[in-house]
Amino acid sequence: MNTISYNNQELAAIEVLRQTGVAILDAALVAKSAIEAGRGRVRRAIKCISAGVEELQRRERTVTFERAVEEALAARRDRRRRTVYDFRYICKRFMKRCKGLAKRRLRSITPQECTAYLHEAFNTPSQRNKARLILSGIFSTAVKRGWCAENPVRKVEPEKVVEKRIEPLTKKEIERVVSAAESYDDGSCLAATAIMLYAGVRPNETARLRWKDVHLDDACQAGDLSEGKERRMGVIYISPQHSKTGGARCVTIHPPLAKILREIQKAPDAPICPPNWPKHWAALHRKAGFTTWQPDVLRHTFATHHLAIFRNYTELQLEMGHRSADLLRTRYVAMEAAYRREESILLA
């Protein structure tokens, strides 16, 4: 049997490999691969190993979901208050309802897990779609910070939402709402209620308005349908910062709204809504006798009456701040109600 003899250098090499703590053969194969990558040059092989270590560290660098949320919120601190509030609320709901998510390493979260988290934390397709956008924002910020290689939420398809039509308020219901607004808290909510009902401004947009945005005497020419002549009508200016869609628009002040606003007009910098507006608004619903309340029902009521008078989808689209008239046709306007209106709330 032939015996293999080693010189001192070879024996030293075997001892070095043995000290790595892995099988000598495995250690030798790794060394062989490094030398081959270095094209037979030791210094180049060492550089290849160093570059590989740096790349591996970069790929493995990540943070917990909880830490990523903090960073994403910090990156959005200059957004509108409502936007930041929604972002924070949805993130807290994710971490509260999805067990273990807060401490999960961000880089290890898959698209399939993102889908599961959305269903665990939220109940309806519309809620999940909104949460999906915020979850995607968290991962987008993380990608910029180098905490994950890609945004897994981009591989999660948004859900189809079938919008249900909201029925407009009846004449008696409108009278109850207006009467409640006049008597509740010395009429502090009347201006906001009237703007939503007679101008179709969104609740959150109304909450951002100040009296300087109300221009009772500037405005546009509009037809007085009750008398068949032209008259000047004021406008409410919705700035890009206050608009839901980010676009500015001017909303017409029709005669019933103008009458209310002139009687209670305040200083330019005064807010339209009183402090602690959500609490007051909920109390006003109850005072008007509503046990349940659709958030946009005043806006839908306005749209129905507007179409009944003007028969103009394009004009209504501009007033409502929609990008197209499709939503008006499918959800906002009760067509049969619009065309049987004999007395409109928009006429003096």
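Me: Which residues touch the most other members of the largest nonpolar core?
Reply: Happy to start there, keeping in mind that this is a predicted model, where local features need pLDDT of at least 70, side-chain atom pairs count only at pLDDT 80 or more, and totals for chains, interfaces and linings use all residues. Residues are numbered from 1 along each chain as its sequence is written, and side-chain values use heavy atoms, leaving out hydrogens and water. A nonpolar core is a set of buried (under 20% relative accessible area, 1.4 Å probe, protein chains only) Ala, Val, Leu, Ile, Met, Phe, Trp, Tyr and Cys residues joined through side-chain atoms within 4.5 Å. The largest has 52 residues, and the members touching the most others are Tyr198, Ile236, Leu257, Leu261 and Ile272.

Me: Which element gives the largest share of this core?
Reply: Helices (H or I, at least four residues) and strands (E, at least two) are DSSP runs, numbered from the N terminus. Elements giving two or more residues to this core include β1 (214–224), β2 (229–238) and α9 (190–199). The largest share, 9 residues, comes from α9.

Me: Which helices do the buried residues of α7 pack against?
Reply: The buried residues of α7 include Arg128, Ile134 and Phe139. Counting contact as heavy atoms within 4.5 Å, the buried residues of α7 pack against α4 (65–75), α5 (81–97) and α6 (111–121).

Conventions
Buried means under 20% relative accessible area, exposed over 50%, partly exposed in between (1.4 Å probe, protein chains only).
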